[in-house]
Amino acid sequence: MAYIERPSPNHAPRPDGTTVDILVLHYTELPLQESLHILSDDSRETRVSAHYVLAEDGTTYRLVSEDRVAWHAGRSHWRGREALNATSIGIEIVNLHGDRHDYPARQIASLIELCQGILARHPAIEPRNVVGHSDVAPQRKIDPGRRFPWKTLADAGIGLWPEPQGRPLFGEVPAALQRYGYAPPIAVPPRDIVKAFQRHFRPARVDGMPDPETRLILAALLDQTGAR
Ligand SMILES: [Zn+2]
């Protein structure tokens with residue numbers, strides 16, 4: 001696919017022996033040029049970047065090479081691992097509407113093409129490891145938000161979407177969320193974790209309550225991933 005090269009100085013080498021196995025999706029609530037500027041600014045106290053930035057019209061900018069670490073996830077946790085920048089690829093999606101409007105179709109079409117390429121180049125990225133920033137930093141982040149079309153991506157082979165089968169979830173929800181990949185409930189308030197899960201998999205109601213539908217969706221995902 002066609003990228004516009006827009007190199008950022010904010011990157012580091014991958015640690016020796018690193019396998020890239022996580023894809024983190026973000027939104028930036030800033031306009032394109034401002035986003036590109038901040039993600040390339042090496043004078044800030046906290047330097048940030050991403051591998052790619054997707055404009056609202058679907059134009060794709062490459063800021064950091066995939067074989068380098070970009071600084072997009074910050075303090076983060078997934079499946080027992082911390083500080084996920086080292087092993088992940090990060091995409092920032094320009095979204096000036098927060099949770100108020102759907103993402104533009106052509107932006108999502110470009111995102112799907114970009115993600116399919118990334119997954120082909122990094123086969124260690126399992127479906128369960130295609131995550132939102134809020135999945136890996138539930139206490140701090142809500143991006144890519146409730147309007148993000150996770151099901152559309154899953155239909156294109158990117159990430160997971162639950163197919164509830166009706167087998168109930170036994171036991172506590174926080175422990176089950178941790179088995180799926182979320183931070184342990186000791187590290188993050190369980191309600192924030194449930195909210196992150198709902199934002200991703202049950203966006204119609206994001207209240208942090210482990211209601212029966214939330215439990216059913218979680219049970220289905222644990223079954224789909226063999227993590228039950
Ligand atoms: Zn983010």
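This is a predicted model: local features need pLDDT of at least 70, side-chain atom pairs count only at pLDDT 80 or more; totals for chains, interfaces and linings use all residues.
Setting aside its neighbours within four places in sequence, V24 is in contact with H72, A73, L84, S88, G90, V131, H133 and V136. V24 is also one of the residues with the most contacts inside the largest nonpolar core, and L23, A50, Y52, V53 and L54 are the others named with it. That core has 39 residues.

Which elements supply this core? At least two residues each come from strand 3 (22-28), strand 4, strand 6 (68-70), strand 9 (88-94), helix 2 (105-121), strand 10 (130-132) and helix 4 (150-155). Strand 3 gives the most, with 5 residues. Apart from this core lies another, of 17 residues, including L177, A196, A219 and A220. As general background, nonpolar side chains in soluble globular proteins tend to be buried together.

I turn now to the division of the chain. Domain 1 covers 4-155 and domain 2 covers 173-225. Taken over C-alpha atoms, the centres of domain 1 and domain 2 are 22 Å apart. To their contact, domain 1 contributes 12 residues and domain 2 contributes 14 residues. On the side of domain 1 that touches domain 2, strand 7 (77-78) and helix 3 (133-136) each supply at least two residues. By class, that side of domain 1 has 4 nonpolar, 4 polar and 4 charged residues.

Next, a helix pair. Two packed helices are described by the angle between their axes and the distance between the axes. The axes of helix 5 (residues 173-180) and helix 7 (residues 212-225) cross at roughly 35 degrees and come within 10 Å. The crossing of helix 5 and helix 7 is left-handed. On the helix 5 side, the contact is made by V173, A176, L177, R179 and Y180; on the helix 7 side, by R215, L218, L221 and L222. What is the make-up of the contact of helix 5 with helix 7 by class? There are 7 nonpolar residues, no polar ones and 2 charged ones.

I close with D57. D57 is found in the loop between strand 4 (52-54) and strand 5 (60-62). Is D57 buried or exposed? D57 counts as exposed, because it has 11 C-beta neighbours inside 10 Å, and the cut-off for an exposed residue is 12 or fewer. Finally, D57 and A83 are 26 residues apart along the chain, and their C-alpha atoms are separated by 31 Å.

Technical notes: Residues are numbered from 1 along each chain as its sequence is written. Helices (H or I, at least four residues) and strands (E, at least two) are DSSP runs, numbered from the N terminus. A residue is buried if 20 or more other C-beta atoms lie within 10 Å of its own, exposed if 12 or fewer, and partly exposed in between; C-beta atoms are placed from the backbone. Domain bounds come from an automatic or database domain assignment. Two residues are in contact if their C-beta atoms, placed from the backbone, lie within 7 Å. Ala, Val, Leu, Ile, Met, Phe, Trp, Tyr, Cys and Pro count as nonpolar, Asp, Glu, Lys and Arg as charged, and the others, Gly among them, as polar. Axes are lines fitted to C-alpha atoms, for helices over the stretch in contact, and angles run from 0 to 180 degrees between N-to-C directions. A crossing is left-handed if the near helix is turned anticlockwise from the far one by less than a right angle, and right-handed if clockwise. A nonpolar core is a set of buried Ala, Val, Leu, Ile, Met, Phe, Trp, Tyr and Cys residues joined through C-beta atoms within 7 Å.
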